[in-house]
Amino acid sequence: FRCAKGVISSNHAKKEEISERYGISLERIIVEPNGFDEVLFRNVPSRQEARARLGFAREEKIVLYAGSTLGWKGTDIIADIAKKLPGILFVIVGASEEKQEGNMMVIKKQDLRRVPMYLQAADFLIAPYRSDSERAQRYFSPIKVFEYMASGVPFAVTNLLAIREFLDDADAWLVPKYSVGAFVGAIEDAFAHPEEMARRSQSAKEKSIQFSWQKRARRIIIFLQSSSVQ
């Protein structure tokens, strides 16, 4: 790090720690979070068309999670959330095998190009990151959440320090802790307030524009060409 002319960090917590640990001035460190591919979110089909293509029922309420099922992602509580809300179909997209039990459906990992269509098919999205994970609390930069934002579908995510760097209650349901009850409450509140779902999802989508990989790359190029790293 000391030999680097400039450092690119994916969040502010890492920027501060790199500066403190290695004695690098903050001016030589730029924060550029992860992002999403804006090309994949162009011309995404409507919710009903997406459901027809994917085989979901037209009128069913769907809450969906898209991404890996690594332990710190918190997906192990989704089955318990589903049991508390039997009138909603819960879908996990990104597992190693497929199965369905009651109102819980698990779908294998999909080609990245199909992810926006799965997101669009849902009424609501969730990202129940574990709040006891230091990695999740401080150091990550969640591609999943940027994709959720770009989808224009309302969502709930665990209220973590790393999340609050770019999201607030105007954009999504920030769930106070990683627990079945907390996420059940957020989902129930969202479905009880459809106008609020529309308002927050629109706010998140508008904010997502700055987080595309393409715009991130342009800002990094400007940083590399700046006097601070010459």
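User: Where's Ile-92 in this thing?
Analyst: Ile-92 sits in strand β4; helices (H or I, at least four residues) and strands (E, at least two) are DSSP runs, numbered from the N terminus. Keep in mind that this is a predicted model: local features need pLDDT of at least 70, side-chain atom pairs count only at pLDDT 80 or more, and totals for chains, interfaces and linings use all residues. Residues are numbered from 1 along each chain as its sequence is written, and side-chain values use heavy atoms, with hydrogens and water left out.

User: OK. Is Ile-92 buried or exposed?
Analyst: Ile-92 has a relative accessible area of 6%, so it is buried. Buried means under 20% relative accessible area, exposed over 50%, partly exposed in between (1.4 Å probe, protein chains only).

User: And what is Ile-92 in contact with?
Analyst: Leaving out neighbours within four places in sequence, Ile-92 is in contact with Tyr-65, Thr-69, Thr-75, Ile-78, Met-104, Met-105, Val-106 and Ile-107. Contact means heavy atoms within 4.5 Å. For Ile-107, 15 residues apart from Ile-92 along the chain, the C-alpha separation is 6.0 Å.

User: Which residue of β4 is the bridge partner of Tyr-65?
Analyst: That's Ile-92. Strands β3 (residues 62-66) and β4 (residues 89-95) pair in the parallel sense, over 5 bridges. Two strands pair if DSSP finds at least two bridges between them.

User: What's the strand order in the open sheet?
Analyst: The order is β5-β6-β4-β3-β7-β8-β9, 7 strands with mixed pairing. β5 (99-101) and β9 are the edge strands, each pairing on one side only. On average, neighbouring strands here are turned by 20° against each other, direction ignored. Axes for that are lines fitted to C-alpha atoms, for helices over the stretch in contact, and angles run from 0 to 180 degrees between N-to-C directions.

User: Switching to aromatics. How many aromatic pairs are there in the whole structure?
Analyst: A search of the whole structure gives 11. Rings of Phe, Tyr and Trp (its six-membered ring) pair if their centres lie within 6.5 Å; planes under 30 degrees apart count as stacked, over 60 as edge-to-face and the rest as tilted.

User: Why is the Tyr-129 and Phe-140 pair called edge-to-face?
Analyst: Their planes are at 80°, with the ring centres 4.8 Å apart, so the pair is edge-to-face. Tyr-129 is in the loop between β7 (124-127) and α5, and Phe-140 is in the loop between α5 and α6 (143-151), so the pair ties together parts that are 11 residues apart in sequence. Tyr-129 counts as buried at 1% relative accessibility, and Phe-140 counts as buried at 8%.

User: What about the rings of Phe-146 and Phe-166?
Analyst: That pair is tilted, because the planes are at 35°, with centres 4.6 Å apart. Phe-146 lies in helix α6 and Phe-166 in the loop between β8 (155-158) and β9 (173-175), so parts 20 residues apart in sequence are tied together. Both Phe-146 and Phe-166 are buried.

User: Helices now. What do the buried residues of α1 pack against?
Analyst: They pack against β1 (7-9), β2 (29-31) and α5 (134-139). The buried residues of α1 (residues 12-22) are Ala-13, Lys-15, Ile-18 and Ser-19.

User: What happens at the start of α1?
Analyst: A side-chain oxygen of Asn-11 comes to within 3.2 Å of the backbone nitrogen of Ala-13. A polar contact is a pair of N or O atoms within 3.5 Å; within protein, one must be able to donate a hydrogen and the other to accept it, and residues adjacent in sequence count only if both atoms are side-chain atoms.

User: Which residue follows α1?
Analyst: Gly-23, with a positive phi near 70°.

User: Last one: where is Ser-212?
Analyst: Ser-212 is in the loop between α8 (194-208) and α9 (213-225). A polar atom of the Ser-212 side chain lies 3.0 Å from the backbone nitrogen of Lys-215. Ser-212 is buried, with a relative accessible area of 1%.
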